[in-house]
Amino acid sequence: MPNRKARLLDRLRRKLRDKRSTLADEFDFKMYILFVFKDPTQEPLIFEAEKVALWMTNNAERDLVGRSQEVKDLITRDTVQIHAMRWFALNSNKMDPVKNMDFTVWPNPKDSISCIEALCFSRWKGSKKNKNPYKLLSQRFVLRYYEIRRHVRECVLPSGKQPNTNKRREIVFNPTLNFAIWLSKHNGPRGIEARLTSVMLCVPQAELTKWTPGAQFVNCINFDRVAQFQMILWKDLASRARQKRSEAKVDLKSGLVADGLDDRTAP
């Protein structure tokens, strides 16, 4: 069965390459952005992206001249970019209006934000009455706040006092290059502010069909379900990491036995 599924995906990828489209075009996506606080008793702020836009990093090679090394590194991967620029809040009971992303991430009062995390769900496209469930991609998209703070201090405020007027927006990547945010500079009541204006996820196409077991929904979800799915993802990834470590130890021991290095009776 897995071999049959792999053959079907290979045929679909070849067909998509012939049409200059991508595997990602065959999916619907939903994205949720969470602002997680250092205080474990404080609920995260959760926003749902109104819609997402897709772009293949490999198709943008001509536009990457002069861009950051992180963006150039993505050319070497078969990666799809998932962009979002508008959202609405899920924390309140009432239906909040959709608006452009404009969230002040620096300065951070009392250094309360721990990280920004995104959850991405996908489903195969179908008819207008598509009943296929959205499934949570089995990847963590996390940007720690200290990475944002360091970038702001080095790039947005190069002199420590005056804003850098040579660039209108700054992009901040996480170390794994799968999550980035765009920052714009503004003059706030207390000085220069850096505001989040859009987010981007970078997903290898091979990862688009790897989902988290037990994390899916059909139409929409509320604040509590998003937080629940976040915990399911964390536990699943932790379980897989432990399994990999265990398998690595078994492989290492098997290799030592095969080489005769594990035989303690040998001279």
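Before clicking on anything, keep one cut-off in mind: buried means under 20% relative accessible area, exposed means over 50%, and partly exposed is in between. Also remember that this is a predicted model.

**Stop 1: the whole protein**

Start with the cartoon view and colour by secondary structure: you're looking at four helices and 14 strands. Switch to a surface and you have about 16500 Å² of accessible area, with 50% of that belonging to carbon and sulfur atoms. Of the 267 residues, 41% are buried. If you draw the contacts with a separation of 6 or more, 66% of them are between residues 24 or more positions apart.

**Stop 2: Asp-28 and Arg-123**

Now for the salt bridges: the whole structure has eight. Select Asp-28 and Arg-123, which form one of them, with the closest N and O atoms 3.5 Å apart. Asp-28 sits in strand E1 (residues 27–37) and Arg-123 in strand E8 (residues 113–124), so this pair links distant parts of the chain, 95 residues apart. How accessible is Asp-28, buried or partly exposed? Its relative accessibility is 21%, so Asp-28 counts as partly exposed. Arg-123, on the other hand, has a relative accessible area of 11% and is therefore buried.

**Stop 3**

**Stop 4: Arg-140 and Glu-117**

Head back to strand E8, and pick Glu-117 together with Arg-140. Here the salt bridge has its closest N and O atoms 3.3 Å apart. Arg-140 lies in the loop between strand E9 (134–137) and strand E10 (141–144), while Glu-117 is in strand E8, so the pair ties together parts that are 23 residues apart in sequence. What about burial at each end? Arg-140 is partly exposed, with a relative accessible area of 30%. Glu-117 has 0% relative accessibility, so Glu-117 counts as buried.

**Last stop: a network**

Finish by selecting Asp-102, Glu-193 and Arg-195 together. Salt bridges that share partners join these residues into one network.

How values were computed: Residues are numbered from 1 along each chain as its sequence is written. This is a predicted model: local features need pLDDT of at least 70, side-chain atom pairs count only at pLDDT 80 or more; totals for chains, interfaces and linings use all residues. Side-chain values use heavy atoms; hydrogens and water are left out. Helices (H or I, at least four residues) and strands (E, at least two) are DSSP runs, numbered from the N terminus. Buried means under 20% relative accessible area, exposed over 50%, partly exposed in between (1.4 Å probe, protein chains only). Contact means heavy atoms within 4.5 Å. Accessible areas come from the Shrake-Rupley method with a 1.4 Å probe; for residues, only the protein chains shown count as cover. A salt bridge is a side-chain nitrogen of Lys or Arg within 4 Å of a carboxyl oxygen of Asp or Glu.
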